Amino acid sequence: MKKKLLSIHHFVVSVILITKGLDKIQHHHSFIGWTILLLGIIILSYFIYLKLSKKSHSTLDLIIHLFEGIALFLTSYVYFQEGKSLLPYVSLIAGIGFFIATIIHLKGHKEKLKN
């Protein structure tokens, strides 16, 4: 059940990022739009990889969590620029959560390498 929830969150984040990236590109914010879109596509590709391979990869998990954190910080910035009231804080908290997950994952990965 835990792995299924983890893969679903990758899908949800990727859909949000892809739609927000496309929206920013259409509103002539090319750099940030393409960055968010590209990160969303990478995360969606990882979700598809997880579904097809039926296994996770520790290093890829670490990189994807890092990408999700960066992308959500960028999305939070965009929401602040648009004057949204609650969405910037939700995406900011989610981005912080992904960075915390990255740090925890990195510590666990280092411990596995030591053993």
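Q: What makes the largest nonpolar core, and which residues have the most contacts inside it?
A: A nonpolar core is a set of buried Ala, Val, Leu, Ile, Met, Phe, Trp, Tyr and Cys residues joined through side-chain atoms within 4.5 Å. The largest one here has 13 residues, and V13, L17, I36 and I43 have the most contacts inside it. At least two residues of this core come from each of α1, α2 and α3 (58-82). With six residues, α2 gives the most.

Q: What kind of model is this, and how are its residues numbered?
A: The model is predicted: local features need pLDDT of at least 70 and side-chain atom pairs pLDDT 80 or more, while totals for chains, interfaces and linings use all residues. Residues are numbered from 1 along each chain as its sequence is written, and side-chain values use heavy atoms, leaving out hydrogens and water.

Q: Why is I16 called partly exposed?
A: Buried means under 20% relative accessible area, exposed over 50%, and partly exposed in between (1.4 Å probe, protein chains only). I16 has a relative accessible area of 37%, so I16 is partly exposed. This residue is found in helix α1 (residues 2-26); helices are DSSP runs of H or I, at least four residues, numbered from the N terminus.

Q: Why does Y89 count as partly exposed?
A: Its relative accessibility is 46%, and therefore Y89 counts as partly exposed. Y89 lies in helix α4 (residues 87-114).

Q: Which residues does I36 touch?
A: Contact means heavy atoms within 4.5 Å. Not counting residues up to four places away in sequence, I36 touches L17, K20, G21, L74, T75 and V78.
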